[in-house]
Amino acid sequence: MLHIVNKSPYERNSLTSCLAHAGKGGALILIEDAVYAATRGNVAESAIRRALGDLPVYALGPDLEARGMQGSVIDGVKVVDFGGFVELVAEHRTNQSWL
Amino acid sequence: MTQTSDRIGEDEDAPGVVKKFMFVNRKAPYGTIYALEGLEVVLISAAFDQDVSLAFLDDGVYQLVKGQQTKGLEVKNFSPTYRALEGYDVEKLYVEREALEARGIREDQLLVPVQVVSAAEMAELMEQQDLIVGF
């Protein structure tokens, strides 16, 4: 299962809810305003670091760059481009968008 | 329609009433249209010679982060507009310290000179306004 989150962790509880349900063997990708959760010093940093022990965490590069946050990504979070996002969707049998 | 135009004409001759406008920005850029729309309204009100100030709190502080590159998203990078505000006599940009700290953002990461204020000081500034518009 690929989990897709697109909301800022300050704006909605989508990421918290997602992480409470994401099991091992799955993967998480942060896109749009959710990329802030992948940056150092943000409110979700410790939750992301914990999640990294259980599943791979990705962040969409073009969304990080648009927001000027490309230099602040938490170690262990992998940055992918749109092609990489498509590959992740194809690799997983199902995906779920936590809007 | 004609009446409206007449009234506008009269106002131009009369000494204009200057009101204190504050635009409160609380949303991150690009994920929603709020930040860009807010900026458009700021420019419009500045054109009417009003006393305009901008407040950035909550996720709104992300609007001012340096180094925004939107080529990959194929959307307009509107961050340079904040630097152009000075040319419209919009020079009062207030950023809430608590919002920066909660996001791990330092003042030197911001793309334009701002006044960093506490939440309490921000509340005081809000009290002084004639009109507050939130985005």
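Reader: Leaving aside its neighbours within four places in sequence, which residues is L131(B) in contact with?

Author: The model is a predicted one. In it, L131(B) touches K19(B) and F21(B), once the residues within four places in sequence are set aside.

Reader: How many residues apart in sequence are L131(B) and K19(B), and what is their distance in space?

Author: They are separated by 112 residues in sequence, and their C-alpha atoms are 7.6 Å apart.

Reader: Is L131(B) buried or exposed?

Author: L131(B) is exposed, because it has 11 C-beta neighbours inside 10 Å, and a residue with 12 or fewer is classed that way.

Reader: And where is L131(B) found?

Author: L131(B) belongs to strand β5 of chain B.

Reader: What is the strand order in the sheet of chain B?

Author: The sheet is open and has 5 strands in the order β4-β3-β2-β1-β5, with parallel pairing. Strands β4 (115-117) and β5 (131-134) of chain B are at the edges with a single partner strand each, so one side of each has no neighbour in the sheet. On average, neighbouring strands of this sheet are turned by 25 degrees against each other, direction ignored.

Reader: What do strands of a sheet pair through?

Author: Strands pair through backbone hydrogen bonds, in either a parallel or an antiparallel manner.

Reader: How many bridges join β1 to β2 in chain B?

Author: There are 6 bridges between β1 (residues 20-25) and β2 (residues 51-56) of chain B, and the two strands run parallel. Within this pair, N25(B) is placed opposite F56(B) of β2(B).

Reader: Which strands does helix α5 of chain B touch?

Author: Helix α5 (residues 119-127) of chain B packs on the sheet and touches β1, β2, β3 (92-96), β4 and β5 of chain B. The direction of helix α5 of chain B makes about 140 degrees with that of β3(B). Helix α2 (residues 34-47) of chain B lies across β1, β2 and β5 of chain B, and runs at about 170 degrees to β1(B).

Reader: Let us turn to the loops. What is the phi of E74(B)?

Author: E74(B) has a positive phi of about 55 degrees, although it is not a glycine. E74(B) sits in the loop between β2 and α3 (80-84) of chain B. This residue, E74(B), counts as exposed because it has 8 C-beta neighbours inside 10 Å.

Reader: And what about phi of D89(B)?

Author: D89(B) is a residue other than glycine with a positive phi, near 60 degrees. D89(B) is in the loop between α3 and β3 of chain B, and is exposed, with 12 other C-beta atoms within 10 Å.

Reader: What is the bridge partner of L28(A) in β3(A)?

Author: The partner is V57(A). Strand β2 (residues 27-30) of chain A pairs with β3(A) in the parallel sense over 3 bridges. With helix α2 (residues 45-52) of chain A, β2(A) and β3(A) make a right-handed β-α-β unit.

Reader: Which residue in β4(A) stands opposite Y58(A)?

Author: That residue is K78(A). The chain passes from β3(A) through helix α3 (residues 61-66) of chain A to β4(A) in a right-handed β-α-β crossover.

Reader: Finally, how many residues of chain B are in contact with chain A?

Author: In chain B, 18 residues are in contact with 19 residues of chain A. The chain B side divides into 7 nonpolar, 7 polar and 4 charged residues.

Methods: Residues numbered from 1 in each chain as written. Chains lettered and ligands numbered in written order. Predicted model: local features only at pLDDT ≥ 70, side-chain atom pairs only at ≥ 80, totals over all residues. Contact = placed C-beta atoms within 7 Å. Nonpolar A, V, L, I, M, F, W, Y, C, P; charged D, E, K, R; others polar. Pairing = 2+ DSSP bridges. Helix = DSSP H or I, 4+ residues; strand = E, 2+ residues; numbered from the N terminus. Axes fitted to C-alpha atoms, helices over the stretch in contact; angles between N-to-C directions. Buried ≥ 20, exposed ≤ 12 C-beta atoms within 10 Å, placed from the backbone. Right-handed = clockwise from strand over helix to strand, strands pointing away.
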